[in-house]
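Biologist: I would like a close look at one part of this model. Please pick a single spot, walk me through it slowly, and then show me what surrounds it.

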Amino acid sequence: MSSASLLGNSKTKKSGGACPHWFFIIPALVIVFAILIFPVIYSVYMATFEWHLFYSAERKFVGVGNFIQLFRDKEFLHSLWLQFGFVVIALPIETVLGFFVALLLNREGKFYALVRSLLLLPVFILPVISGLTWRLMLQPGYGIISFILEKLGFGVKAWLAEPDFAYGMVIVQDVWRMWPFMFMFIYAGLTGLPKEIIEAAEIDGARFWTRVFKIILPQLRPTIATAFLLRLVDALRIFSEVYVMTGGGPGNATMLLSLYINKQAFEFFNIGYAAAMGVVLLVLALTLSFFIVRGNIQFEGERG
Amino acid sequence: MPINANVYVWLTRKDLINDPKYRTEFKAKYGYDLGVPKTFKELRDMAEFFYSKGIYGFAPFTKQTEGSTAEAIFMFESFGTSPLTVQGGKVVVSLDEKKAVEAINFYKELLKFSPPGALDMGHSERIAAFNQGKVFTMFQWPALVPQHEDPNNSLVAGKIIYSAPPVGPVKVAAIRGCWVLAMPIASKNKAAAAEFAYWWASYETGQKLIPKGFTPARSDLLLNPNYNKERPWFKAIFDSMRNAVARPRFTKYPEASQIIRNYWLAAISGKMSPEEAVRKMKDELSELVGK
């Protein structure tokens, strides 16, 4: 029996018979609907209510009221700004670091293979463990980073109680943990590049930076865009490591958007308001993803 | 009903206040006997004295959590003011700006005698500092006290005196926790719930649970001399309970708590002047309760 007849074809459809391929897709569709589409729809629905969890029975339909309120909420705008700063500072650093280390280690040999493997270790550390470790390293009295800063003449300080420093350290922690992710992607892309073109450029006398900007980067663009996209989505929902490291503090200096959403939903119980913020975050992620994908990543059906 | 006794208990190093050398030097400098600090003035003096001897005088709670709100309310209440009170069934902002500023300034004074990194201290940092013998005095929650008395983990086990917190310029304010045994009005089996509550709160059940680490809320158990031999903090819990201060419990309390600790921490860390912090705290609390 041919695969076409197993999966059903247009002829079967036209004859009004069963359509087995849809039958097999149904479980996946049900799961996707249950864990992805329905929660999104339900979040949008919740976002249209003034809804406090203590008083669910008294929830009030406010339409777009929560969304209007959001843009009057100084805390929300502050969190959005911090989130934006986090993405535009951390991700480029991770990308640049990942790219150049991938270039450096794109060599044959057991030593390089070992170094490449070791460099990936931080990615496998749980975010919450990473956050706690960094908190401990910055702890005055015990922390190694605190100790080094003390020896450098900065004195003994509660570093995570300093707003700017705490925000900086949240970014450094993320860069430390996630740059190998970019490295991994870019290295995989580099190994797939045709060596002949780079060798031809070398023979033609192209210098290192010329090769990087004129040959390697253009060819790696889809790979870098894909890695950047995945990291972007991850960075927009960063939560646990910051939660254990600073709890959003001092004050609200590290209150990234996901922490503020959590606070509104599960500390203040304003579930409708929190849902509205979640929807804004989703729209933000989709919009940014659209611009990254467009012109950078081609899908199967789009290739000419 | 309280599910257990959860209230600020004050810890003071017995070995330090009984040291003859320290006693003599302290008396010579301050003109009164070294002992468990009974007033805020004594707390400040003793903290300063031990700081000069290489022992931190006080361990604050400054993490960005509810513990910092509790610390703020402890200070405000000791100075005679409350951020929020219930009047006629309605929550109103009642913070006296002058008293609140005095409270903040006093706490800032105590921070001078606290361990390095005093602005980032939570439970684990405080327990570690105290158990290593680096701190003279501080408050603690009853559930955490056994950690100080565990000789395997504490250099000061058996060297601690427990008491109610020192009296502030206006009153003693021991902050109370909030673990309660409550029966929902909508409960369909109130009789069974009540039976459980009676069982839980009974003297006999307390006797069975204390060896497992339970802190009873019954005065007859807290004052029982047999238990106080092994758990000297029980009597202190009883004393603290007599001066217990509750944090205002209402629907928007989590938001109120966030506002209080944000401005409290901003003020004690010097990132904002106490006057400005108190003013902003009041404004935001007013906006919150007025919504």
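Modeller: Start with a cut-off. A residue is called buried when its relative accessible area is under 20%, and exposed when that area is over 50%. Anything in between is partly exposed. Keep in mind that this is a predicted model.

Now take Thr246(A). Is it buried or exposed? Its relative accessibility is 11%, so Thr246(A) counts as buried. Where does it sit in the chain? Thr246(A) belongs to the loop that runs between helix 12 (240-245) and helix 13 (257-267) of chain A.

The side chains of Thr246(A) and Thr254(A) make a polar contact at 2.6 Å.

Stay in the loop for a moment. Pro250(A) is found there too, between helix 12 and helix 13. The peptide bond from Gly249(A) to Pro250(A) is cis, with omega near -5 degrees. Most peptide bonds are trans, and most residues other than glycine have a negative phi. Now go on to the next loop. Phe269(A) lies between helix 13 and helix 14 (271-293). Phe269(A) is not a glycine, yet its phi is positive, at about 65 degrees. The relative accessible area of Phe269(A) is 23%, so this residue is partly exposed.

Arg177(A) gives another view of chain A. It is part of helix 9, which covers residues 163-191. Is Arg177(A) buried or exposed? With a relative accessible area of 5%, Arg177(A) is buried. Leave out residues up to four places away in sequence, and Arg177(A) touches Pro122(A), Val123(A), Ile125(A), Pro127(A), Ser130(A) and Glu241(A).

Step back to the whole of chain A. It has 14 helices and two strands. The radius of gyration of chain A is 25 Å, while the globule rule gives 19 Å for 304 residues, so chain A is more spread out than a compact globule. Its C-alpha atoms fill a box of roughly 80 × 75 × 30 Å along the principal axes. Buried residues make up 40% of the 304 residues. The accessible surface of chain A is about 17500 Å², and 70% of that belongs to carbon and sulfur atoms. Chain A carries 24 positive and 19 negative charges, and their mean positions are 6 Å apart. Take the contacts of chain A with a separation of 6 or more: 68% of them join residues 24 or more positions apart.

Chain B has 14 helices and eight strands. Its radius of gyration is 20 Å, close to the 19 Å from the globule rule for 291 residues, so chain B is as compact as a globular protein of that length. The C-alpha trace of chain B spans about 65 × 50 × 30 Å along its principal axes. Of the 291 residues in chain B, 52% are buried. Chain B exposes about 13000 Å², with 55% supplied by carbon and sulfur atoms. There are 39 positive and 29 negative side chains in chain B, and the centres of the two sets lie 2 Å apart.

Ala70(B) lies in helix 4, residues 66-78. It is buried, with a relative accessible area of 1%. Setting aside neighbours within four places, Ala70(B) is in contact with Tyr8(B), Trp141(B), Ile175(B) and Arg247(B). Ala70(B) and Arg176(B) are 106 residues apart in sequence, but their C-alpha atoms are 8.6 Å apart in space.

The other alanine is Ala173(B), in the loop between strand 6 (160-163) and strand 7 (174-175). At 0% relative accessibility, Ala173(B) is buried. Beyond neighbours within four places, its contacts include Phe74(B), Glu77(B) and Ser78(B). Pro165(B), Asn243(B) and Val245(B) are also in contact with Ala173(B). The C-alpha atoms of Ala173(B) and Val245(B) are 5.7 Å apart, although the two residues are 72 residues apart in sequence.

How values were computed. Residues are numbered from 1 along each chain as its sequence is written. Chains are lettered from A and ligands numbered from 1 in the order in which they are written. Side-chain values use heavy atoms; hydrogens and water are left out. Helices (H or I, at least four residues) and strands (E, at least two) are DSSP runs, numbered from the N terminus. The radius of gyration is taken over C-alpha atoms; the globule rule is 2.2 Å times the number of residues to the power 0.38. Buried means under 20% relative accessible area, exposed over 50%, partly exposed in between (1.4 Å probe, protein chains only). Contact means heavy atoms within 4.5 Å. Accessible areas come from the Shrake-Rupley method with a 1.4 Å probe; for residues, only the protein chains shown count as cover. Lys and Arg count as positive and Asp and Glu as negative; His and the chain ends are not counted. The place of a charge is taken as NZ of Lys, CZ of Arg, CG of Asp or CD of Glu. A polar contact is a pair of N or O atoms within 3.5 Å; within protein, one must be able to donate a hydrogen and the other to accept it, and residues adjacent in sequence count only if both atoms are side-chain atoms.
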